[in-house]
Amino acid sequence: MENVGDPGDDTHFERRIGRRDVTHWRTAAGRRLASGHQSIANRIGAHRTLVATLAVGGSIAVAATIGAARIYDGVTGRDGVASLDRPALKLAKTLRSPALNASAAAIARGFGPVSMPILTVAAATTLAVRQRAVSPVTLLVAAGAGSLAMTVAGKDIIHRNRPHRRDAVAPYEKSPSFPSGHTLNATTILGTLAYLLALREKRNGPQAAIIGAAAATSVTVGLSRVLLGAHWLTDVAVGWVTGTGWLAILITSHRLYLTSKSDEM
C-alpha cells in the first residue's frame with residue numbers, strides 16, 4: 001500500500017545494476033540503516049523520508065568539504081601540492097592547440113553555471129514525466145544544490161588564486177580556484193543521472209555504457225579545466241573526490257528509498 005503523502009509510484013524502477021540488487025544490503029550496518037529508514041518511512045512516508053535523508057546527507061557532505069578545505073589550506077604551501085600543480089600546468093601548455101582549446105572552451109560552456117542547471121532541470125523533468133514519479137526530480141535537484149553548496153563553501157574558505165592569466169586561455173575566470181565547480185558538478189549530476197538511467201535498463205551492456213560515458217565525461221571536464229589553465233590539477237582532483245562522495249550519499253539515499261518502497265509491495 002502506498003504511504004500517505006508519497007507522490008508518484010517508483011515500483012516500476014528496475015532494482016538491479018549489473019548483478020547487484022540495489023535494495024539488498026549485504027552488511028549488517030547497511031541492514032540496520034535500511035531498517036531505521038523503513039521505520040521512519042512507515043510514519044511519514046517514503047518520499048518525505050528520502051528528502052530528510054538527502055538533507056542530512058547534504059549537510060554531512062558540506063561539512064566534510066569544509067573540513068577538507070581547511071586541511072588543504074594547511075598544506076598548499078608545501079612542495080607536495082606544488083609538485084603536482086605546476087608540472088601539470090606545464091604539460092597542459094605543451095598540449096594546447098587551436099582545435100583543442102576550442103573544444104575545451106566548449107566543454108566549459110556546456111558544463112558551466114548556466115548550462116548545468118538547465119541540464120539538471122531538463123533531465124529531472126523528463127525522467128519525472130516518463131516515470132510518473134517525483135523521486136528523480138528530488139534526487140537531481142538535491143545533487144545540483146549540494147554540489148553548488150560544496151563549491152561555494154570551498155571557494156569561500158580557500159580563496160585560492162587561479163593560474164596566472166599568462167598561463168591560461170581566454171575567457172578568464174574571476175572566482176577563486178578551489179575547488180573546480182565544473183568538475184564537482186559534472187561528477188555529481190552526471191553520476192546521478194547515469195545511476196537513474198541505468199536503473200531503467202535491464203541489460204548489463206547499456207548500463208555499463210551509460211555509467212562509463214558519465215565517468216569519462218567527468219574526467220574530460222576536469223582535464224579540460226587544467227588544459228585551459230582555469231584550475232590547478234589539485235582543484236580538479238578535489239572536485240572529483242568530493243563529487244564522488246556526494247554522489248555516493250545520493251545513491252545510498254535513493255537505494256534506501258527504493259528499499260522502503262519495495263517493502264510496501
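Ala 143 is buried in this predicted model, because its relative accessible area is 0%, and the cut-off for buried is under 20%. This alanine belongs to helix H6, which covers residues 135-158. Apart from residues up to four places away in sequence, Ala 143 touches Thr 188, Ile 189, Thr 192, Trp 246 and Leu 250. Ten residues separate Ala 143 from Ala 133 along the chain, and their C-alpha atoms lie 17 Å apart.

The loop between H6 and helix H7 (181-199) contains Pro 171. The peptide bond leading from Ala 170 into this proline is cis, and its omega is near 5°. Pro 179 is also placed in the loop between H6 and H7. Phe 178 and Pro 179 are joined by a cis peptide bond, with omega about -10°. His 159 is another residue of the loop between H6 and H7. Although His 159 is not a glycine, its phi is positive, at about 50°.

Another part of the model concerns two helices. Two packed helices are described by the distance between their axes and the angle between them. For helix H4 (residues 98-110) and helix H8 (residues 204-227), the axes come within 9 Å and cross at roughly 120°. Angles from 65 to 115 degrees count as roughly perpendicular and those over 145 as roughly antiparallel, so H4 and H8 are oblique to each other. Their crossing is left-handed.

On the H4 side, the residues that meet H8 are Leu 100, Asn 101, Ala 104, Ile 107 and Ala 108. Their partners in H8 are Thr 220, Val 221, Ser 224, Arg 225 and Leu 227. Sorted by class, this contact of H4 with H8 has six nonpolar, three polar and one charged residues.

How values were computed:
Residues numbered from 1 in each chain as written. Predicted model: local features only at pLDDT ≥ 70, side-chain atom pairs only at ≥ 80, totals over all residues. Heavy atoms only, no water. Helix = DSSP H or I, 4+ residues; strand = E, 2+ residues; numbered from the N terminus. Buried < 20%, exposed > 50% of the residue type's maximum accessible area, 1.4 Å probe, protein only. Contact = heavy atoms within 4.5 Å. Axes fitted to C-alpha atoms, helices over the stretch in contact; angles between N-to-C directions. Parallel < 35°, antiparallel > 145°, perpendicular 65-115°, else oblique. Left-handed = near helix turned anticlockwise from the far one by under 90°. Nonpolar A, V, L, I, M, F, W, Y, C, P; charged D, E, K, R; others polar.
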